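Please have the 3D view open as you read.

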Amino acid sequence: MRILLWHVHGSWTDAFVRGRHEYLLPVLPDGGPWGLGRAGRNWPDSVREVDLATLDAGSVDAVVLQRPEEISDVSRVLSRTPGGDLPAVFVEHNTPKGDFPFTRHPLADQNTIPLVHVTHFNRLAWDNGSALSTVIEHGIPDPGQLYTGELPDLGVVVNEPVRRGRVTGTDLLPAFADVAPLQVFGMKTEGLAVAAGIGTDRLTPRGDLKTQELHRELARCRVYLHPMRWTSLGLSLLEAMHLGMPVVVLAATEAPRAVPPEAGIVSADIDELLRCARRLVANPDEARRRGVAAREAALARYGLGKFQDSWDGLLADLGRSPSARHRPDGQVLVPAQERKTA
């Protein structure tokens with residue numbers, strides 16, 4: 001299939017475009033959220049940059065929508081209607097904002113464009129109305145077991161921790177900095193130490209590194225810390241588990257499902273998290289053992305093959321009539337049966 005989608009969520013797109021299809025990514029001279037294209041990423045040749053304004057509408061087999069505004073843009077430019085004469089699916093990456101738990105999804109109560117949530121918590125948290133909905137959990141291209149844990153530090157990956165504050169658990173970082181030095185990776189981490197009231201000897205902002213460098217540097221830290229209060233899940237957590245890192249995770253949103261207890265700790269009790277972080281930093285052997293368990297769990301649930309097979313099944317179903325996409329109870333979109341992967 002030739003699938004049109006925008007490069008909106010880099011890590012999710014990185015997994016999605018490694019599938020068996022041809023992927024058409026709109027590009028603009030100035031880039032930006034509506035024309036990022038490949039953005040220099042090392043993706044397969046099956047990922048092509050296209051000018052949406054000159055794209056042959058008939059060459060598109062399906063569109064994967066990620067923002068409500070894309071529906072009208074596709075209709076206007078391609079003169080084809082997503083969910084009508086153009087098969088379409090909407091991917092919801094985010095937890096709802098605003099009046100939770102009463103937040104209605106922008107595509108609630110329509111029956112032509114299925115909603116795909118990236119976590120079970122997302123599907124539960126949004127009010128989807130009568131819209132068809134399902135969950136396809138994340139898939140991660142395996143970076144390999146790179147964990148060394150040679151540094152007695154806590155590694156954190158977070159974008160814009162100063163602006164986002166309590167959402168990303170920025171207010172929790174001073175307590176963890178008392179346990180061990182923090183290395184914080186991600187966009188706009190500059191000034192975090194001052195904003196959080198942490199000494200610069202206890203927090204090092206590492207910035208937005210390229211993926212391979214991020215994985216290599218993060219894997220040197222003894223423990224991965226995930227203090228997010230309100231995020232869909234955080235692909236950095238799944239990447240850390242793939243690296244073989246033990247994890248200390250705030251028990252919020254999807255995290256309790258993603259992380260087994262043998263991988264480290266998942267708790268809403270901050271004192272319990274601090275005690276576990278301190279123990280793992282002080283005990284490299286236990287840290288390594290729990291990191292092995294974390295990697296095994298991540299490969300089993302969030303492997304790339306499982307993700308791609310689930311998407312292949314759903315995309316195949318898009319060509320069927322809306323009534324054929326329901327379970328017998330008439331509520332849930334059913335992807336085709338997942339194929340086993342090696």
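This predicted model holds one cavity of 30 Å³ or more. The largest cavity has a volume of about 50 Å³. To find it in your viewer, select the residues that line it: Phe-16, Gly-19, Arg-20, His-21, Tyr-23, Phe-307, Gln-308, Trp-311 and Asp-312. Helix H12, residues 304-317, gives the most to this lining, with four residues.

Next, turn to helix H2, which spans residues 69-78. Which of its residues are buried? They are Glu-70, Asp-73, Val-74 and Leu-78. These four cover an arc of only 100 degrees around the axis, which puts them on the same side of H2.

Now for the charges. Side chains of opposite charge can pair when their charged atoms come close. A search of the whole structure finds 20 salt bridges, and the table shows some of them.

| Salt bridge | N to O distance |
|---|---|
| Arg-48 and Glu-22 | 2.5 Å |
| Glu-217 and Arg-206 | 3.2 Å |
| Arg-220 and Glu-217 | 3.4 Å |

What does the salt bridge between Arg-48 and Glu-22 tie together? Arg-48 lies in strand E3 (residues 47-50) and Glu-22 in strand E2 (residues 22-26), so the pair joins parts that are 26 residues apart in sequence. Arg-48 is partly exposed, at 35% relative accessibility, and Glu-22 is also partly exposed, at 23%.

The side chain of Glu-217 meets that of Arg-206 in a salt bridge. This pair links distant parts of the chain, with Glu-217 in helix H7 (residues 211-218) and Arg-206 in strand E10 (residues 203-207), 11 residues apart. Is Glu-217 buried or exposed? At 14% relative accessibility, Glu-217 counts as buried, while Arg-206 is partly exposed at 25%. Glu-217 also meets Arg-220 in a salt bridge, and Arg-220 is partly exposed, with a relative accessible area of 27%. Glu-217, Arg-206 and Arg-220 belong, with Glu-150, to a network of salt bridges.

Definitions and conventions:
Residues numbered from 1 in each chain as written. Predicted model: local features only at pLDDT ≥ 70, side-chain atom pairs only at ≥ 80, totals over all residues. Heavy atoms only, no water. Buried < 20%, exposed > 50% of the residue type's maximum accessible area, 1.4 Å probe, protein only. Helix = DSSP H or I, 4+ residues; strand = E, 2+ residues; numbered from the N terminus. Arc of directions from axis to C-beta. 1 Å grid on protein atoms, 1.4 Å probe; cavity = no way out; pocket = protein on both sides within 12 Å on 5 of 7 lines; lining within 4 Å. Points joined across faces, edges and corners; volume = space filled by probe spheres on them. Salt bridge = Lys/Arg side-chain N within 4 Å of Asp/Glu carboxyl O.
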